[in-house]
Amino acid sequence: MIVEDDATTADLIAELVEQEGFTVSRAGGGLQAVEAFTRDHPVAVFLDWVLPDIPGTEACRSLRALDGIVPIIFVSGRDDEASTIRGLDAGADDYVAKPVRIRELIARLEAHIRKVATLTERQAAEPAGEQERMRRFGDVEVDLAARLVSVDGQPLNLAPLEFSLLEYLARNAGVAVSRDQIMREVYGFAAEISTERVDQLVRRLRTKLGDGPKRGGVLVAVPGYGYRLEQGSPQPAMAYVITQPCVSIKDASCVEVCPVDCIHSDDAADMYFIDPDECIDCGACVDPCPVDAIFPEDEVPEEWRNFIQINADYFKK
Ligand code: SF4
Ligand code: SF4
């Protein structure tokens, strides 16, 4: 499957991959890719870094959650080390920078497919576990049958609706569920309620779980879509930082696209700040900024590194 919104690039890769005997399906965005993936069960995925709807890394996490072994290869316009690391951290098996050397790309694809075939052959059939009722997400443990929750071994009281949300997310762990699905499945009726009600419920649950992106949150927002409960022990999200060029421009383009409302205006400083405890590392705010003021924490240019501390101090007030 080729996930790419640029038709010319997609055509080029598709033509050459088809010459090697593969059948190619396509998706023009991340959400379409997730949908097509469950329908088409591709043997491998070429994934663009920049997609029109959600970041490529987010699409990669969702695809990886759906299938733990299918090869995912980023085909990206960025050739820097930090992007490569972020792509692999998101669950990709490989990262190839554009312009691609097509023979090398095909060779990598075939090598990954061979590896998966070998792994699959070796994999012993796993007995269905009695662990079906117990689910663990980071330090959160859920007993679905007894409707009990504990965090770090300490029992937790959840309201019925909060438990229903957690149960629904737990039964779909690793998969992005939309706000509409939550409304339907958790509230239990086609209610005329706003998606804000879902966000409020998620916030309450997160607070009770003591969950948050900065400490490696298990309940994460999927930009423009909904939420996902992470499997295993997720890594803390990296915060983005707004720097000097924002001063006086303040056009709020970043605020409009942030899926978790973590960008705050500060009139005294005449700029915006990103709450490092809430930022989910989605990168959606970077491209809309007209003055290139926003960077991941570890990529802030040397001359503006003091903004990391200024930003953090602002939220300690
Ligand atoms: S501040 Fe930027 S990177 Fe952080 S959650 Fe908001 S849009 Fe995503
Ligand atoms: S988009 Fe850029 S300039 Fe506009 S408020 Fe955000 S950081 Fe400042």
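Lys 250 is placed in the loop between strand E13 (240-242) and helix H9 (253-257), where helices (H or I, at least four residues) and strands (E, at least two) are DSSP runs numbered from the N terminus. This is a predicted model, in which local features need pLDDT of at least 70 and side-chain atom pairs count only at pLDDT 80 or more, while totals for chains, interfaces and linings use all residues. Residues are numbered from 1 along each chain as its sequence is written, and chains are lettered from A and ligands numbered from 1 in the order in which they are written.

**Backbone features in loops**

- Although Lys 250 is not a glycine, it has a positive phi of about 45°, and it is partly exposed, with 17 other C-beta atoms within 10 Å; a residue is buried if 20 or more other C-beta atoms, placed from the backbone, lie within 10 Å of its own, exposed if 12 or fewer, and partly exposed in between.
- Asp 152, found in the loop between strand E8 (148-151) and strand E9 (154-156), also has a positive phi, near 55°, and counts as exposed because it has 10 C-beta neighbours inside 10 Å.
- Lys 98 and Pro 99 are joined by a cis peptide bond with omega about -5°, and Pro 99 sits in the loop between E5 and helix H5 (102-122).

**The parallel sheet and the helix across it**

- Five strands, in the order E2-E1-E3-E4-E5, form an open sheet with parallel pairing, two strands being paired if DSSP finds at least two bridges between them.
- Strand E2 (26-27) and strand E5 (94-97) are at the edges with a single partner strand each, so one side of each is left without a neighbour in the sheet.
- Strand E3 (residues 45-48) runs parallel to strand E4 (residues 72-76) and is joined to it by four bridges, with Val 45 having Ile 72 of E4 as its bridge partner.
- Helix H3 (residues 56-66) lies across strand E1 (2-3), E3 and E4, and runs at about 155° to E3; such angles run from 0 to 180 degrees between N-to-C directions, with axes fitted to C-alpha atoms, for helices over the stretch in contact.

**The antiparallel strands**

- A further open sheet has four strands in the order E6-E7-E8-E9, with antiparallel pairing, and its edge strands, strand E6 (134-137) and E9, each pair on one side only.
- Three bridges join E8 to E9, and the bridge partner of Val 151 in E9 is Gln 154.
- Strand E14 (residues 263-266) pairs with E15 in the antiparallel sense over four bridges, and in this hairpin, with four residues between the strands, Asp 270 takes a positive phi near 60°.

**The ligand surroundings**

- Ligand 1 is surrounded by 14 residues, of which the closest are Cys 258, Cys 279, Cys 282, Ala 284 and Cys 285, a residue being near a molecule if its C-beta atom, placed from the backbone, lies within 6 Å of it.
- The shell around ligand 1 divides into 12 nonpolar, one polar and one charged residue, where Ala, Val, Leu, Ile, Met, Phe, Trp, Tyr, Cys and Pro count as nonpolar, Asp, Glu, Lys and Arg as charged, and the others, Gly among them, as polar.
- Around ligand 2 there are 15 residues, of which Cys 246, Ile 249, Ser 253, Cys 254 and Cys 289 come nearest.

Methods. Contact = placed C-beta atoms within 7 Å.
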